Amino acid sequence: MQIIPYLGFRGQCREAFAFYAQALDGKIVSMMTYEESPMADQVPAETRHYVMHANIIAEGASLMGADGPWNEQDIASQTCINVMVDDNTKAERIFNALAEGGSVQMAMTETFWSHRFGMLTDRYGKPWMVNHLKDG
């Protein structure tokens, strides 16, 4: 299991991740825009160039981020904790445990990038994502 900070931006992700890669002496290993994804038609045309997902690796550590989707009124939702696991059973167990007493924003489901993915806010108001990647 990996626990990775996931930073949220409102259009500045590409610039921020170039800065972080330089500052951390790391490398951007992935960066995808909404227009490059199967979700292109689900976002406004003026934001399709925004980053849907970015990942930096620096000395074995990972930092991830994206431009949204974030609640405009809730500054705390701009950063969340991403739990990366290696099987569906573990993903479901962790997701359900974290969701107990909290609220689910996206129920566990298969996506184009993961076998299982879900988003929730725990009972303490902290946002989480749980991922079982297809390529991981």
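Q: Is Arg 116 buried or exposed?

A: Burial is read from relative accessible area: under 20% is buried, over 50% exposed, and partly exposed in between (1.4 Å probe, protein chains only). Arg 116 has a relative accessible area of 18% and is buried. This is a predicted model, in which local features need pLDDT of at least 70, side-chain atom pairs count only at pLDDT 80 or more, and totals for chains, interfaces and linings use all residues. Residues are numbered from 1 along each chain as its sequence is written, and side-chain values use heavy atoms, with hydrogens and water left out.

Q: With which residue does Arg 116 form a salt bridge?

A: Side chains of opposite charge can pair when their charged atoms come close. A salt bridge is a side-chain nitrogen of Lys or Arg within 4 Å of a carboxyl oxygen of Asp or Glu. Arg 116 pairs with Glu 92 at 2.4 Å, N to O. Arg 116 belongs to strand β7 (residues 114–121) and Glu 92 to helix α2 (residues 88–99), so the bridge ties together parts 24 residues apart in sequence. Helices (H or I, at least four residues) and strands (E, at least two) are DSSP runs, numbered from the N terminus. Glu 92 is partly exposed, at 25% relative accessibility.

Q: How many salt bridges does the structure hold?

A: There are three. One of them joins Lys 134 and Glu 110, at 2.9 Å from N to O. Lys 134 sits in the segment after β8 (127–133) and Glu 110 in the loop between β6 (103–109) and β7, 24 residues apart. Lys 134 is partly exposed at 36%.

Q: What is the distance between the closest N and O atoms of Lys 90 and Asp 86?

A: In this salt bridge they are 3.6 Å apart. Lys 90 is partly exposed at 26% relative accessibility, while Asp 86 is exposed at 52%.
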